[in-house]
Amino acid sequence: MTRPAADLTALQDATDRFLVTAGTLDDAAVERPSRLPGWTRGHVLAHLARNADALVNVLAGRPMYASAEARDADIERGAGRPVADHLADVRESAARLAGAAAALTEEQWDATVELRNGVTDLASAIPFRRWVEVELHHVDLDAGHTLDDLPGAFTDGAVPYLARRFAGHPELPPLRLTAEDGRTWSSGGSEGEPVHVSGSPQALTGWLSGRTGGGGLTASGPLPALPAL
């Protein structure tokens, strides 16, 4: 396995774009609701910073978070800070993650690492996982960046990545996903008639990630409610 150079470059670009958007906010705006239920924009910013540090832990072979309670407490404690503190935290934590990634050897990129709730993956998948966090939380910030602004290079990977999360799920019918350019993916369960869902990669990403109820998609039957990721 080689260093995931393209994903690392794309992640840096996504982080830079996120910081530009976040930099348009003032202290009052940070306290207003985000697109995520129960979270302010400050919660989104605090989460993104702590997620970067958590992934540093993962790459170092440490537990991602000390506990679920500690994770939630860190986000809550950081949410109410001034925007300047948030921006510095997101920027500096992203730099720590980039530094940890730069220090890995080719052999270490091929190692299996453990994330939350017993989930495992290759270290080489961590930059893309972080890219997902940055792009989707950029939308969640509700500061002018929408699903339609997601770059094609991202949705090319995000749709199959998110589809795999629901593969074999017993609460879902079989799903056949089709993008406008004809690309297809399978997901969902194995019992019953398949539901064919089609739309733009951005719309598919929005639905699969729980950011929409399926706006912009067409389906051959009732669009199933997806379980939380």
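**View A. Thr 40 caps the N-terminal end of helix 3.** A side-chain oxygen of Thr 40 lies 3.1 Å from the backbone nitrogen of Gly 42. This is a polar contact, meaning a pair of N or O atoms within 3.5 Å; within protein, one must be able to donate a hydrogen and the other to accept it, and residues adjacent in sequence count only if both atoms are side-chain atoms. This is a predicted model: local features need pLDDT of at least 70, side-chain atom pairs count only at pLDDT 80 or more, and totals for chains, interfaces and linings use all residues. Residues are numbered from 1 along each chain as its sequence is written, and side-chain values use heavy atoms, with hydrogens and water left out.

**View B. Helix 3 is largely enclosed by the rest of the structure.** Of its 19 residues, 18 are buried. Buried means under 20% relative accessible area, exposed means over 50%, and partly exposed is in between (1.4 Å probe, protein chains only). Helices (H or I, at least four residues) and strands (E, at least two) are DSSP runs, numbered from the N terminus. The end C-alpha atoms of helix 3 are 27 Å apart. That agrees with the 27 Å its 19 residues should span at 1.5 Å a residue. The expected span is 1.5 Å times one less than the number of residues. Just after helix 3, Gly 61 takes a positive phi of about 85°.

**View C. Helix 1 covers residues 5-22.** Helix 1 has 18 residues. From first C-alpha to last it reaches 26 Å, close to the 26 Å expected at 1.5 Å a residue. Its buried residues are Ala 10, Leu 11, Ala 14, Thr 15, Phe 18, Leu 19, Thr 21 and Ala 22. What covers them includes helix 3 (41-59), helix 5 (83-102) and helix 7.

**View D. His 138 of helix 7 makes a polar contact with Thr 21.** The two side chains meet at 2.7 Å. His 138 is buried, at 1% relative accessibility. Not counting residues up to four places away in sequence, His 138 touches Arg 17, Phe 18, Thr 21 and His 145. Touching, or contact, means heavy atoms within 4.5 Å. The C-alpha atoms of His 138 and Thr 24 are separated by 13 Å, with the two residues 114 apart along the chain.

**View E. Helix 7 (residues 126-140) crosses helix 8 (residues 152-165).** Two packed helices are described by the angle and the distance between their axes. Here the axes come within 11 Å and cross at roughly 105°. That makes helix 7 roughly perpendicular to helix 8. Axes are lines fitted to C-alpha atoms, for helices over the stretch in contact, and angles run from 0 to 180 degrees between N-to-C directions. Angles under 35 degrees count as roughly parallel, over 145 as roughly antiparallel, 65 to 115 as roughly perpendicular and the rest as oblique. Helix 7 brings Phe 128, Arg 129, Trp 131, Val 132 and Glu 135 to the contact. Helix 8 brings Ala 153, Phe 154, Gly 157, Ala 158 and Tyr 161. These residues divide into 7 nonpolar, 1 polar and 2 charged. Ala, Val, Leu, Ile, Met, Phe, Trp, Tyr, Cys and Pro count as nonpolar, Asp, Glu, Lys and Arg as charged, and the others, Gly among them, as polar.

**View F. Asp 121 and Arg 129 are joined by a polar contact.** Their side chains meet at 3.0 Å. Asp 121 sits in strand 2. Asp 121 is partly exposed, with a relative accessible area of 23%. Beyond four places in sequence, Asp 121 touches Ala 111, Thr 112, Val 113, Leu 115 and Arg 129.

**View G. Asn 117 and Asp 142 have positive phi values.** Asn 117 has a phi of about 55° although it is not a glycine. Asn 117 lies in the loop between strand 1 (112-114) and strand 2 (120-122). Asn 117 is exposed, with a relative accessible area of 74%. Phi of Asp 142 is near 55°. Asp 142 is found in the loop between helix 7 and helix 8. At 30% relative accessibility, Asp 142 is partly exposed.

**View H. Ser 209 lies in the loop between helix 9 (201-208) and strand 6 (218-219).** Ser 209 is buried, with a relative accessible area of 7%. A polar atom of its side chain lies 2.7 Å from the backbone oxygen of Thr 205. Leaving aside neighbours within four places in sequence, Ser 209 is in contact with Leu 136, Leu 162 and Leu 229.
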